[in-house]
Each structure stands twice: as structure tokens, then as C-alpha cells.
Amino acid sequence: ERLAEIERRCQSVLTQLKALPGVEVQMIDNVIGHQPLGVSMKVDSAITGMTVEDIVDKLKEGDPSIWTRVRPEDTITIHMFGLAEGQEQIVAEEIRKVLTE
């Protein structure tokens, strides 16, 4: 039941971000319990005009300050277990703001 709720929250973030030009998002599956459920976001800087590092810096500077992980393959990782219920919406909204302003 807990994993189903986390998956629902991931799907909510995916829905909000997948329509952004130059953004590719996918769910991070909980493979045999070794990887926390979350969202992986890849950005095409030629389309967005920003690298993942630029996005991470803007999120850190925002209010609220949002800290994310950048993976070696130039993706931003958002783990749902680190967010309280409803905070995933704030994260998705702030990412949308950074990419559309």
C-alpha cells in the first residue's frame, strides 16, 4: 500500500513535467528493493537553454529551496521517500517555473 501511494505521487510529477519541451521524465522503479521509487528527469539543453546543473542551482536558490541529485548521465533524480505528502507537487511546480521563465 505504501509503495502504491509513492508510485501515485511519482505519476503525478511525471504528468506535470512530461509536457515540458526538452524534458524527458521516467519513473525510477523499485527494482527488488534496491532503488528508491522516484522520478528521473533528463534535459535537452539545446531546447531548454539550461543544463541540469543550471536547473539544480535555480532550484536551490528558490523559495522554497529544493535540493536534488544530478546523476552522472546528466539526469536529475527526485526520490519520493524524501518528500512529505504534497511536497512532490511543490517540486514539480518549481521545476516547471524554472524551465518556463
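**Close-up views of a predicted model**

**View 1. The crossing of helices α1 and α4.** The crossing of α1 and α4 is right-handed. This model is predicted. The axes of α1 and helix α4, which comprises residues 87-100, come within 10 Å and cross at roughly 15°. Because angles under 35 degrees count as roughly parallel, α1 is described as roughly parallel to α4. On the α1 side, the residues of the contact are Arg9, Ser12, Val13, Gln16 and Leu17. On the α4 side, they are Glu88, Gln89, Ala92, Glu93, Ile95 and Arg96. Sorted by class, this contact of α1 with α4 contains four nonpolar, three polar and four charged residues.

**View 2. The crossing of helices α3 and α4.** The axes of α3 and α4 come within 10 Å and cross at roughly 120°. The two helices are therefore oblique to each other. The crossing of α3 and α4 is right-handed. Helix α3 contributes Ile55, Lys58 and Leu59, which meet Glu94, Ile95, Val98 and Leu99 of α4. By class, the contact of α3 with α4 has five nonpolar and two charged residues, with no polar residue.

View 3. Four strands form an open sheet in the order β1-β2-β4-β3, and their pairing is antiparallel. Strands β1 (23-28) and β3 (69-71) stand at the edges; each has a single partner strand, so one side of each is left without a neighbour in the sheet. On average, neighbouring strands of this sheet are turned by 30° against each other, direction ignored. Helix α1 (residues 2-17) packs on the sheet, where it touches β1 and β2 (38-43). The direction of α1 makes about 175° with that of β1. Helix α3 (residues 52-61) also packs on the sheet, touching β2, β3 and β4. The direction of α3 makes about 40° with that of β4.

**View 4. Strand β2 and its two partners.** Strands of a sheet pair through backbone hydrogen bonds, either parallel or antiparallel. Six bridges join β1 to β2, and these strands run antiparallel. In this pair, Met27 stands opposite Val39 in β2. Five bridges join β2 to β4, which likewise run antiparallel. Here Lys42 stands opposite Thr75 in β4. Five of the six residues of β2 are buried, so this strand is largely enclosed by the rest of the structure.

View 5. Ser40 is found in strand β2. Its relative accessibility is 14%, and because buried means under 20%, Ser40 counts as buried. When residues up to four places away in sequence are not counted, Ser40 touches Glu24, Val25, Gln26 and Ile28, together with Thr75 and Ile76.

**View 6. Arg69 at the pairing of β3 with β4.** Arg69 has its place in strand β3. Three bridges join β3 to strand β4 (residues 75-79), and the two strands run antiparallel. Arg69 stands opposite Thr77 in β4. Leaving aside neighbours within four places in sequence, Arg69 is in contact with Thr75, Ile76, Thr77 and His79. Arg69 and His79 are 10 residues apart in sequence, and their C-alpha atoms are 9.0 Å apart in space.

Conventions. Residues numbered from 1 in each chain as written. Predicted model: local features only at pLDDT ≥ 70, side-chain atom pairs only at ≥ 80, totals over all residues. Heavy atoms only, no water. Pairing = 2+ DSSP bridges. Axes fitted to C-alpha atoms, helices over the stretch in contact; angles between N-to-C directions. Contact = heavy atoms within 4.5 Å. Parallel < 35°, antiparallel > 145°, perpendicular 65-115°, else oblique. Left-handed = near helix turned anticlockwise from the far one by under 90°. Nonpolar A, V, L, I, M, F, W, Y, C, P; charged D, E, K, R; others polar. Buried < 20%, exposed > 50% of the residue type's maximum accessible area, 1.4 Å probe, protein only.
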